Amino acid sequence: MIVLITGASHTGKTLLAHRMLEKYKYPCFSIDHLKMGLIRSGKTELTPEDDDALTEYLWPIVREIIKTAVENHQNLIVEGCYVPFDWRRGFDAHYLKEIRFICLAMSNEYINSHFDDIMGHASEIETRKSDEDCILENLQADNRRIIEGFQDIGEQIMLIDSNYEQTIEKLLA
C-alpha cells in the first residue's frame, strides 16, 4: 500500500505521515528531502521558491518511486506538496488500486480562527528556515488553490474546518 499525502502549506502533511509511520510502521519518503538533496547537490538550478517548476521536475521521479514500491509489493508513505492535480494520469489501474490518496486543506474560517496555532506548530516535525511570507492571506490563497485544483479534477479533499486533531484521527483510523 502506498499512502500519498499532499495538500496546502502548513496543513500537517509531515505530521500525518509521521503518525502513520508510527502506527503502521510503513517507511516514509519526504518529497521535500528529495527537493533539497537535488538543490544542494547542484543537480538542478531550481530553488525552494520555484514551486510550480519543482512540481514538474520532482513529480516524474516521485511517480516512478511509487511505481517501483508497488511493483515490489512494498508499503510506503509519500508526503509533500509537489504533487500535481492530475497525478493519477501517470498510473495504470493496477497501480492506482494500491495508492491511498490524502489531500489536506484548511477552510478560511479555520485559518482565521487558528492562525496563531498553525504558525506555532509550523516547525513541529521539521524546522522551517523562514516563514516570513506565511501570512494569513497567503495561507488562505494557497489552501483555496489546493482545494479548487484537486476538486476540479475530482479528487476528495480532507478539509480541516473545526478540530484539527479529530480530522487527523479520522485519517489514522
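**Exercises on cysteines and a sheet**

The sulfur of C81 lies 11 Å from the closest cysteine sulfur, in C103, which is too far for a bond. This is a predicted model in which local features need pLDDT of at least 70, side-chain atom pairs count only at pLDDT 80 or more, and totals for chains, interfaces and linings use all residues. Residues are numbered from 1 along each chain as its sequence is written, and side-chain values use heavy atoms, leaving out hydrogens and water.

**Exercise 1.** Find how many disulfides the whole structure has.

*Solution.* Start with the cut-off: a disulfide is a pair of cysteine sulfur atoms within 2.5 Å. Next, take C28: its sulfur is 14 Å from the closest cysteine sulfur, in C81, so this pair is too far for a bond. The search of the whole structure ends with zero disulfides.

**Exercise 2.** Decide whether C28 is buried, partly exposed or exposed.

*Solution.* Buried means under 20% relative accessible area and exposed over 50%, with partly exposed in between (1.4 Å probe, protein chains only). C28 has 29% relative accessibility, so C28 counts as partly exposed. C81, at 31%, is partly exposed as well.

**Exercise 3.** Work out the strand order of the open sheet and name its edge strands.

*Solution.* Strands are DSSP runs (E, at least two residues), numbered from the N terminus, and two of them pair if DSSP finds at least two bridges between them. The five strands follow the order β2-β3-β1-β4-β5, with parallel pairing. The edge strands, β2 (28-30) and β5 (158-160), each pair on one side only. Now look at β2: three bridges join it to β3 (residues 76-79), and F29 stands opposite V78 in β3.

Technical notes:
Helix = DSSP H or I, 4+ residues; strand = E, 2+ residues; numbered from the N terminus.
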